[in-house]
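Morning, everyone. Please look at the structure on the screen while I talk.

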Amino acid sequence: MGNALVVVDLQEGFVNEKTEQTAHDIKDLVEGAVFDPVVFTRFRNSEFSPHRQFLGWDRLLREDEYRLWREIEPLAKDVFDKASYTSLTPEFRHRLFTQNIDTVFVAGLDTDCCVLKTASDLFESGVRAVVLADFCASNGGEKSHKAGLLALRRLIGRNNIIEGISDLSELKDYVARNFGQNTPIIIPEVTPLAPDSLTLTDAYDRAWSLMSQAVSSSLKPTLLPTIATSRGDNPSIRVVVLREATQQEGTLSFFTDVRTEKVKEIKRNNFVALCLYDQNSNSQIIARGEAFLHHDDELAKKAFSKVPSSSLGAYMSDLPSGTPRETAHSGLPDRIVQFGGEASDRNEAYRNFCLVQVRLSDLEFATLSPDRGWMRARFEINQGTERGVWVTP
Ligand SMILES: Cc1cc2nc3c(=O)[nH]c(=O)nc-3n(C[C@H](O)[C@H](O)[C@H](O)COP(=O)(O)O)c2cc1C
């Protein structure tokens with residue numbers, strides 16, 4: 001996992017007497033190679049944009065306004081166009097995932113508009129956003145800049161705003177101390193999976209890296225695994241959210257309600273299979289192993305302590321899942337909105353909470369990608385140590 005800097009909307013049409021000093025500071029920041037990679041965003045207004053329709057704002061339509069600030073343009077190799085306040089476009093999300101970036105430092109214009117929206121969207125997508133306050137400014141002036149920071153402190157947390165450190169070597173040290181980056185790191189593109197260059201260890205690590213991504217971020221809904229259990233002689237499957245993937249132990253974990261069918265099925269036969277598909281790399285992971293249920297024990301307690309109030313409802317339905325009802329209804333009390341409970345609901349939710357830990361005995365990783373090659377590898381896992389073979393896809 002790595003870091004990146006995004007320079008938001010440092011464009012001709014946004015650089016003026018209110019923002020020019022900050023623009024120069026950002027240029028120094030980029031030239032100082034404090035962060036690597038550095039990506040740039042560029043806002044383009046359009047005829048039917050909400051900015052025109054609802055604000056009557058006609059700027060940034062012409063190239064002389066939307067082009068990057070002329071002094072930064074030669075340094076900007078990696079530019080993402082956008083038509084929104086947020087920088088989190090599908091292309092940008094894709095980049096974060098293919099380069100395993102989990103912390104994004106944000107600089108640029110305007111603190112109270114695109115910087116704020118970008119940072120809070122990253123935050124809500126499970127990516128750590130850190131705003132470099134001394135490298136942001138607003139076309140609304142100092143008051144708007146300050147208002148943006150005030151809101152950001154509440155939105156993403158004050159320890160995710162770096163303020164009062166404009167000296168580059170001081171900033172470098174601060175980032176290294178607090179975000180574990182001693183020197184700028186080059187984050188490689190996703191390892192090409194050409195069969196002739198790929199080792200079994202690469203394939204195994206790649207599979208675990210994908211499973212870790214599935215855990216660490218809600219940005220990637222395509223990485224929800226399906227888990228299969230046995231219902232008597234028949235298969236039984238459903239989607240779950242992966243909560244932990246520990247390569248060293250060879251375990252995968254998810255949470256469930258202890259009253260569900262899958263829990264009953266695991267009690268009868270704890271051999272399960274999980275399947276996970278990554279649309280990005282056109283890869284499939286199939287993992288098999290024994291599932292262990294943790295209900296009201298030390299591990300369950302520890303796992304439940306990390307369940308946020310916003311998810312308590314997942315363990316609070318009045319009747320077990322699968323019970324027939326007269327109408328379409330969540331089974332949750334009316335006061336619970338979108339699964340979110342309150343601190344006083346924790347005991348009730350905990351009664352139904354169950355941690356399921358799957359100790360893997362084997363894992364398959366297959367990629368059928370035109371540009372990354374076709375391959376399939378099968379691994380036996382014993383106490384976290386793997387032994388792999390290539391098989392025909
Ligand atoms: C997006 C999504 C995520 C889900 N995540 C979970 C989960 O983490 N754990 C879980 O037990 N059920 C989860 N479910 C619900 C299950 O898919 C399933 O419907 C429910 O657990 C009952 O399954 P069972 O009766 O086969 O045990 C999720 C459903 C969806 C649509």
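I'll go through the domains, then the sheet, then one lysine, then the ligand.

First, the ground rules. This is a predicted model, where local features need pLDDT of at least 70, side-chain atom pairs count only at pLDDT 80 or more, and totals for chains, interfaces and linings use all residues. Residues are numbered from 1 along each chain as its sequence is written.

Start with the domains. The assignment gives domain 1 (2-179) and domain 2 (200-391). Those bounds come from an automatic or database domain assignment. Taken over C-alpha atoms, the two centres are 36 Å apart.

Now the sheet. What is the strand order? It runs β3-β2-β1-β4-β5-β6, an open sheet of 6 strands with parallel pairing. Two terms here. Strands (E, at least two residues) and helices (H or I, at least four) are DSSP runs, numbered from the N terminus. Two strands pair if DSSP finds at least two bridges between them. In general, strands of a sheet pair through backbone hydrogen bonds, either parallel or antiparallel.

Look at strand β2 (residues 38-43). Of its 6 residues, 5 are buried, so β2 is largely enclosed by the rest of the structure. Buried means 20 or more other C-beta atoms within 10 Å of the residue's own; exposed means 12 or fewer; partly exposed is in between, with C-beta atoms placed from the backbone. On one side, β2 pairs with strand β1 (residues 2-8) over 3 bridges, in the parallel sense. There, Val 7 stands opposite Phe 40. β2 also pairs with strand β3 (residues 79-82), parallel again, over 4 bridges. Thr 41 has Phe 80 in β3 as its bridge partner.

Next, Lys 146. Find it in helix α6 (residues 142-156). Is Lys 146 buried or partly exposed? It is partly exposed, because 15 other C-beta atoms lie within 10 Å. From its C-alpha atom to that of Val 258, 112 residues apart along the chain, the separation is 48 Å.

Last, the ligand. β8 (234-239), β10 (251-257) and α9 (261-268) each supply at least two residues of the shell around the ligand.
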